[in-house]
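Dear colleague,

I am handing over a structure for your attention, with an account of what was found in it. Please keep the structure open while reading the notes that follow.

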Amino acid sequence: MSQLDVGLLVAAPDDIAEEQRPLPDNVHAGWLPLDVVVHSLDLLVHHTVGNTMLTALANGVSQVLIPYLPNVTDYAQRLSTFGAAVTVQPGEDTADAILAAAVRVLDDPSFWERATEIAEENAGQPPPPTWLGRSESRGPPHLSMCGSGADKAGRPTD
């Protein structure tokens, strides 16, 4: 993808990124805080993990998804069907296929429009305390505790 006229950020542990050097001038590789850099992205290519996908969705970023885990194939399919992403299936994820998917998403503004639509819908949702029905009069929340040492409401009994 370094041949595209884009700035390319590659999130990888610093030691792995170091092994890839030298990199083209338009490529930065290393540890990247996704919640900080996502606002500057036009496209996010990843292996369809929940937090990565949801961070992109919340920020209106189009995606190219490569769903390696069986439990994420449904997410990838839904997002692609909606038009906010393109899915590249494992086994078909050659460099050329990923590049073609990225170019398709970057060249077609409908992907950005659909991703933005999701972000706007999410931003319009009421905050969790509203839909949980929690009120200030109920006091602080109780954390659920696993195993012994907790009552049926999850409060510690020790």
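Pro22 is placed in the loop between α1 and β2 (27–30), where helices (H or I, at least four residues) and strands (E, at least two) are DSSP runs numbered from the N terminus. The peptide bond that leads from Arg21 to Pro22 is cis, with omega near 5°. In general, most peptide bonds are trans, and most residues other than glycine have a negative phi.

Before going further, please note that this is a predicted model, in which local features need pLDDT of at least 70 and side-chain atom pairs count only at pLDDT 80 or more, while totals for chains, interfaces and linings use all residues. Residues are numbered from 1 along each chain as its sequence is written, and side-chain values use heavy atoms, with hydrogens and water left out.

Overall organisation

The protein contains 7 helices and 5 strands. Their order from the N terminus is β-α-β-α-β-α-β-α-β-α-α-α. Of the 158 residues in the protein, 29% are buried; buried means under 20% relative accessible area, exposed means over 50%, and partly exposed lies in between (1.4 Å probe, protein chains only). Among the contacts in the protein with a separation of 6 or more, 34% are between residues 24 or more positions apart, a contact being heavy atoms within 4.5 Å.

The sheet

β3, β4 and β5 form an open sheet of 3 strands in the order β3-β4-β5, with parallel pairing. Its edge strands are β3 and β5, each of which pairs on one side only. From one strand to the next, the twist averages 10°. Two strands are said to pair if DSSP finds at least two bridges between them. Strands of a sheet pair through backbone hydrogen bonds, either parallel or antiparallel.

The parallel strands β3 and β4 are joined by 4 bridges. Between these strands the chain passes through helix α3 (residues 50–58), and this β-α-β crossover is right-handed; the term applies if, with the strands pointing away from the viewer, the path from the first strand over the helix to the second runs clockwise. Leu43 has Ser62 in β4 as its bridge partner, and His46 stands opposite Leu65 of β4.

On the β5 side, β4 and β5 are paired in the parallel sense over 3 bridges. The chain goes from β4 to β5 through helix α4 (residues 73–82), again as a right-handed β-α-β crossover. The bridge partner of Val64 in β5 is Val86.

Strand β4 and Gln63

In a regular strand the side chains alternate between the two faces of the sheet. In β4, Ser62 and Val64 point one way, Gln63 and Leu65 point the other way, and all are buried. Gln63 has a relative accessible area of 0%. Which residues are in contact with Gln63, leaving aside its neighbours within four places in sequence? They include Leu43, Leu44 and His46, as well as Met53, Leu79, Val86 and Val105.

Helix α5

Helix α5 (residues 95–107) has 13 residues and reaches 18 Å from its first C-alpha to its last, close to the 18 Å expected at 1.5 Å a residue; the expected span is 1.5 Å times one less than the number of residues. The buried residues of α5 are Ile98, Leu99, Ala101, Ala102 and Val105. They lie on the same side of α5, because they cover an arc of only 160° around the axis, taken from the directions from the helix axis to the C-beta atoms. Asp96 and Asp107, on the other side of α5, are exposed.

What covers the buried residues of α5 includes β3 (43–46), β4 (62–65), β5 (85–87) and α6 (109–123). The helix α5 lies across β3, β4 and β5 and runs at about 160° to β4; axes are lines fitted to C-alpha atoms, for helices over the stretch in contact, and angles run from 0 to 180 degrees between N-to-C directions.

Two further loop residues

Thr48 is found in the loop between β3 and α3. Its phi is near 65°, a positive value in a residue other than glycine. Thr48 counts as buried, at 0% relative accessibility.

Pro13 is in the loop between β1 (8–11) and α1 (14–19) and is partly exposed, with a relative accessible area of 46%. The C-alpha atoms of Pro13 and Gly30 are separated by 5.6 Å, although these are 17 residues apart along the chain.
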